[in-house]
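Please load the model in a viewer that can select residues by chain and number. The stops below are given in the order in which they may be selected.

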Amino acid sequence: MRSLAEQNYYELIEAPLEGTPQQIERAYRIARATYLPSSAATYSLYSAEDCAAILRRIEEAYAVLSDARLRREYDARLGRTEPATPASVREARPEPPKPLEPVRERRPEPVAAKRPAQAELDVENGFDPENGVFDGEVLRRIRVSLGIELEEISTITKINDQHLRSIEGNQYEVLPAPVYLRGFLKQIAKCLSLDPARVADSYSNRMRESASRRD
Amino acid sequence: MERVVTAERARRLARVLISDVAAYAGDQVRIGLEKDDLFERLAGEIARARTWYLWQVDEGVAERTRLFDFALVDVLVYGHRRVQTHIW
């Protein structure tokens with residue numbers, strides 16, 4: 001693995017080479033938060049001086065990658081024959097909410113039951129569902145933002161916590177029958193002070209879209 | 001999302017985030033306690049939760065970082081105190 005000093009800007013902030021401006025922004029924010037002096041994620045790995053130097057380099061990376069012209073020039077220096085699509089083109093196309101990222105398997109022990117997807121928290125987005133879509137990730141984000149634990153939702157609604165995790169993880173293939181799911185979604189929406197019908201419709205539509213894409 | 005500016009809300013957010021780590025980790029909390037490698041085992045999930053927490057909680061909140069660490073121990077360790085392990 002190359003040292004931080006040897007990594008290019010994309011590697012440094014862990015952004016994809018073809019990343020959209022939104023992905024670059026998000027990667028930058030995560031990288032920055034990771035190396036802030038208050039971050040316990042790295043406090044034992046780097047000295048304060050090291051962190052400051054890395055943060056400077058992260059800021060430098062963001063300054064280049066967030067500017068379409070500078071980014072094209074940088075890509076050319078990296079030897080990329082096809083520079084990234086101009087930001088203006090990408091920005092015109094709204095991105096759908098990202099599917100939840102599964103936990104990276106790195107453990108030797110076999111797990112008895114299939115592990116649900118770990119909803120990756122999106123540090124960029126806030127409360128509002130993108131494009132008005134209430135999928136599992138959005139519902140989870142709203143729940144966390146309201147300070148409500150999954151167990152509390154389970155206690156209030158009597159919905160099995162495995163079902164709740166599957167709903168938040170958009171694990172459509174293991175969800176209960178649609179008629180039950182709709183009831184569950186409405187109960188969850190009530191706990192989150194959301195419009196039950198809107199949430200149930202939105203989630204069901206997203207699930208149907210996903211199924212039709214698979215077929 | 002509205003930024004968290006009070007210690008009480010920060011404490012609450014930390015507990016929710018850590019309890020989510022436990023809920024989504026399944027058996028990994030128990031195995032981690034049994035093998036005494038809980039924090040290494042869940043390092044990625046904890047780092048993501050911490051990143052979100054620090055992003056949401058205002059830097060002016062007193063003991064911001066410690067509130068998260070307290071929740072970490074309280075929810076992941078004390079919350080699973082009935083697990084049979086050599087570490088206690």
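Begin with the second largest pocket, which holds about 440 Å³ of space. A pocket here is an open set of points on a 1 Å grid over the protein atoms alone, where a 1.4 Å probe fits, with protein on both sides within 12 Å along at least five of seven lines; lining residues have an atom within 4 Å of a point. Grid points are joined across faces, edges and corners, and the volume is the space filled by probe spheres set on the points. To find the centre, select A:Glu151, B:Ser19, B:Ala22, B:Ala23 and B:His80, the closest to it of the 17 lining residues.

This is a predicted model, in which local features need pLDDT of at least 70 and side-chain atom pairs count only at pLDDT 80 or more, while totals for chains, interfaces and linings use all residues. Residues are numbered from 1 along each chain as its sequence is written, chains are lettered from A and ligands numbered from 1 in the order in which they are written, and side-chain values use heavy atoms, with hydrogens and water left out.

Next, colour the elements around this pocket. At least two lining residues each come from α7 (150-157) and α8 (161-168) of chain A and from α1 (7-25), α2 (28-35) and α5 (64-77) of chain B. Helices (H or I, at least four residues) and strands (E, at least two) are DSSP runs, numbered from the N terminus. Which element gives the most to the lining? It is α1(B), with 4 residues. By type, the lining comprises 5 nonpolar, 4 polar and 8 charged residues. In this division Ala, Val, Leu, Ile, Met, Phe, Trp, Tyr, Cys and Pro count as nonpolar, Asp, Glu, Lys and Arg as charged, and the others, Gly among them, as polar.

**Chain B**

Of its 88 residues, 50% are buried, where buried means under 20% relative accessible area, exposed over 50% and partly exposed in between (1.4 Å probe, protein chains only).

Select B:Arg81 and B:Tyr78. The charged end of B:Arg81 sits over the ring of B:Tyr78, 4.1 Å from its centre; the criterion is NZ of Lys or CZ of Arg within 6 Å of the ring centre and within 35 degrees of the ring normal.

**Aromatic pairs**

Show the rings in both chains. Over all chains there are 4 aromatic pairs. Rings of Phe, Tyr and Trp (its six-membered ring) pair if their centres lie within 6.5 Å; planes under 30 degrees apart count as stacked, over 60 as edge-to-face and the rest as tilted. One of the pairs, A:Tyr10 with A:Tyr74, is tilted, at 6.4 Å centre to centre and 35° between the planes. This pair joins distant parts of the chain, 64 residues apart: A:Tyr10 belongs to helix α1 (residues 9-13) of chain A, and A:Tyr74 to helix α4 (residues 68-77) of chain A. A:Tyr10 is buried, at 2% relative accessible area, and A:Tyr74 is buried at 8%.

Move to B:Tyr53 and B:Phe68, another tilted pair, with 5.1 Å centre to centre and 45° between the planes. B:Tyr53 lies in helix α4 (residues 43-56) of chain B and B:Phe68 in helix α5 of chain B, 15 residues apart. B:Tyr53 and B:Phe68 are buried.

**Chain A: loops**

Chain A has 10 helices and 0 strands, and buried residues make up 47% of its 215 residues.

Select A:Asp135, in the loop between α5 (87-91) and α6 (136-146) of chain A. Is A:Asp135 buried or exposed? A:Asp135 is buried, with a relative accessible area of 1%. A polar atom of its side chain lies 3.2 Å from the backbone nitrogen of A:Glu137.

Go on to A:Lys158, in the loop between α7 and α8 of chain A. A:Lys158 is exposed, with a relative accessible area of 70%. Its side chain reaches the backbone oxygen of A:Thr155 at 3.3 Å.

Finish at A:Glu14, in the loop between α1 and α2 (21-35) of chain A. A:Glu14 is not a glycine, yet its phi is positive, about 55°. Most residues other than glycine have a negative phi. A:Glu14 is exposed, at 71% relative accessibility.

Conventions:
A polar contact is a pair of N or O atoms within 3.5 Å; within protein, one must be able to donate a hydrogen and the other to accept it, and residues adjacent in sequence count only if both atoms are side-chain atoms.
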